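Hello! Please have a look at it before reading on.

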Amino acid sequence: MSNMNLSEQEQIRRASLDELRKLGINPYPAAEYKTTVFAHDIMDNYSPEKNNFQDVCLAGRIMGRRIMGNASFAELMDSSGRIQIYIRRDDVSPGEDKMMYNTVFKRLLDIGDIIGVKGHVFKTQMGETTVHVDEFTILSKSIRPLPIVKEKDGVLFDAVTDPEMRYRQRYVDLIINPQVRDVFRKRTQIIQSMRELFNSKGYLEVETPVLQPIPGGAAAKPFITHHNALDMPLYLRVANELYLKRLIVGGFEGVYEFAKDFRNEGMDRTHNPEFTVMEIYIAYKDYNWMMVFTEELVKKAALDLHGKTEIIYGDKLINLNPPYKRISMTDAILENTGIDISGMDEPGLRGVCDKLDVPNTASMGKGKLIDELFSAKCEHNYIQPTFIIDYPTETSPLTKMHRSKPGVTERFELMINGKEIANAYSELNDPIDQMERFQDQLRLSEKGDDEAMFIDLDFIRALEYGMPPTSGMGIGIDRLTMILTNQPSIQDVLLFPQMKPEKKSASDHEEKYIEKGIPAEWVDPLKKLGFTTLTKLMEVEKAGKLANDLNGFNKKNKLGLSGLSPEAVEKWLK
RNA sequence: CGGCCCGUAGCUCAGAUGGUAGAGCACCUGACUCUUAAUCAGGGAGUCGAGGGUUCGAUCCCCUCCGGGCCGACCA
C-alpha cells in the first residue's frame, strides 16, 4: 500500500530485497570484500597460452545479462571497465539445491546490483575474455532501475542524453557513460600535471581563506554571507590573489593554490557560480618570464594527457606547442578592426565603439571601452593559443605600469579557442601606486561601475613592508579542462554543476490524513487522484463525486477496499 | 533578463482537426548450458511536467507557472 507511489519496477526490486533477506542473504553485507584484480587488468593481460588469472576475485556492478536456461552471461563493470562473466547453474549451485542460480541469480538479481565473483578466466568460442564464476556474493542490491544503455561495435543504443538527468544525477551519468568518467579522470590528471611542475620548482602549495571580509583580487560581484559570532558580513572569495601576495611579502619564493572562487553572476556554457582557478605567485619574476612558464605549463599538461600538443576542440585543430603568438591589445584591435586606437582619449574611443556597434555606457572609462572593443571584435578570433599583452591601466588595478609603454600595464591573458584561459601580471608592488589605483577604482564605483574593486587596507599595509618584484598568474582549471578534453560546456567538466533546485511537489504525510479521520488505506488513492495535500482535499465541494471517484479508483486498480458512502467522505471534508 | 525549442512507460523516442496513448530496450512469466544490442513465446506497466481556461470531452488548443536546452544580454 505504501508502495503505491513507486514504479512497478521499484516495487519488484523491493520485493526481491525482502525475498533475499528471507533466504538468509544480506543484500547489504558489512564485511570487506577482498578483490584480487580489476577487469581492465584481465582484459589487457589474459592469454590462454599463459593460462594466467586462474584464481581471481573481482567486484562490480551488473550492467547487462544474457540468461540462457542453466547458464548465463553477464557484464560486470568495476572502476576500471567492463568484463563478461559466465555463470553456470551447476557451478554456483553444486549440490541438489539450485537456489543460488535459479532463484538468486536469475530472479532476484537485477541490472545495477553490485556483486563480487570468484572464478577463473577463459576465452569463449566467440573469443571474448570471460570470468567463469564459481561463486558470487551480493554486495549491494540496487532498488532503482538504471537506464539501460546497450552498445554494439562502439555504437550506443538508448544512451541517456538528457542533460538534466546527466547533470542532476551525475552518479547515473558516471555509471552508464564511461567516457564521462574519463573526462573527470583527465581533469584530475591536469591538476596533477600542474602540481608536479610547481613542486619540482620548489613552490609551496597553500590554502587561503574562502570567507573574506573584503572580496578582493578581482572585479566581480561576490556572494555575501554572515558570521553570527562576529556579527559581520563575510564574502565568498572572488579571487585569492591578495592573500597569495601577502605570502610573498612574508618571504615565500613561490606560492600556489588550486582555489574554488565564487562569483554571483550569470551562468552559461563557460560560467558556473563556483569555479576552480589555479593562482601562482613567484618572486623576482616578471610577466615575460611568466609567459614562458605558462607555455611550459600548458604544453606539459597536453603532453601528460595526450602525449602530443595537437588537440582537437570541436571542429578545430589547436596546437599547444610553444611559443605562442604575442600581441598587444592595441595591435590586436588594429589587426581585427583596422583601427589604431593608440593615444585616443575617452571620447575618441567611444566614437570607435559607436562606429563598430559596440555597446557602451557613460560609466565606462578609457580602459573599459578598450576592453569592450577587444571582447566584441577580437577575442573570439584567437583560436590558437595567443598572449594578449599590455592591458589598459584602468582595468588592471593590481598590475605594474609597463616599464616603457605609457598608459598600459604589464599584463597578459592567454587566449585559446577565443576564450580567456589564463591571466597574469607583473604584480604591482608600489604601495603608494596601489593605493591610488584602489582610489581610482572607488571613483569608478561611484561613477556606477558595480564591478570596481574594493579597497583592502591590510593588503596596502603588507605592500608597505615591501613585496619583492613578483609575477603572478591565474589559470581557469575548468576552461583548460574543457579545451584539453574537448568538452563544449563547463557543466561537462564539473562533477556537480550548479542547477536550479528540483521542484518538490508538495505532499502531506499520511498521518495528517489519518488525523482527519481518513482511513489509512484511502490515503494513497487520494494522493494518486491528485489530492497530495490536505489543503487541496479541503477545497473539494462535492463529497459525492469524490466518493464516486475513489470507489472507481478502487475498482479499476482492484484494491479490494470496501466501498465509500458519500456521507463518510462528507465527514472527511469538515 | 529577452528570443527560439523541449518536457509522453525505468531509458530512447513515436503519436493524434480535441474522443484518456504506442514501439524498441528494460521489467514479469515460460523455453534455452559459449551468449554478447542473445534469441523465441506470452504479459504487465503511464496523474502524456504542474495549475487554470475554452469544450459534452484536453496529453493535444489558449494562459500562467516549474524544469531543461540553444542563442543573445550580463559576466574583463
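Which residues lie nearest the centre of the second largest pocket?

1. Glu-75, Arg-82, Val-149, Lys-150 and Glu-151 do, out of 25 residues lining that pocket. A pocket is an open set of points on a 1 Å grid over the protein atoms alone, with protein on both sides within 12 Å along at least five of seven lines; lining residues have an atom within 4 Å of a point.

2. A word on the basis: this is a predicted model, where local features need pLDDT of at least 70 and side-chain atom pairs pLDDT 80 or more, while totals for chains, interfaces and linings use all residues. Residues are numbered from 1 along each chain as its sequence is written.

3. The second largest pocket holds about 710 Å³ of space, counted as the space filled by probe spheres set on grid points joined across faces, edges and corners. Its lining divides into ten nonpolar, five polar and ten charged residues. Here Ala, Val, Leu, Ile, Met, Phe, Trp, Tyr, Cys and Pro count as nonpolar, Asp, Glu, Lys and Arg as charged, and the others, Gly among them, as polar.

4. There are also three cavities of 30 Å³ or more, a cavity being a set of points where a 1.4 Å probe fits but cannot get out. The largest has a volume of about 50 Å³, and Met-63, Arg-82 and Ile-176 are among its lining residues. That lining has seven nonpolar residues, one charged and no polar.

5. The second largest cavity, of about 40 Å³, is lined by four nonpolar, four polar and three charged residues.

How values were computed
Chains lettered and ligands numbered in written order. Heavy atoms only, no water.
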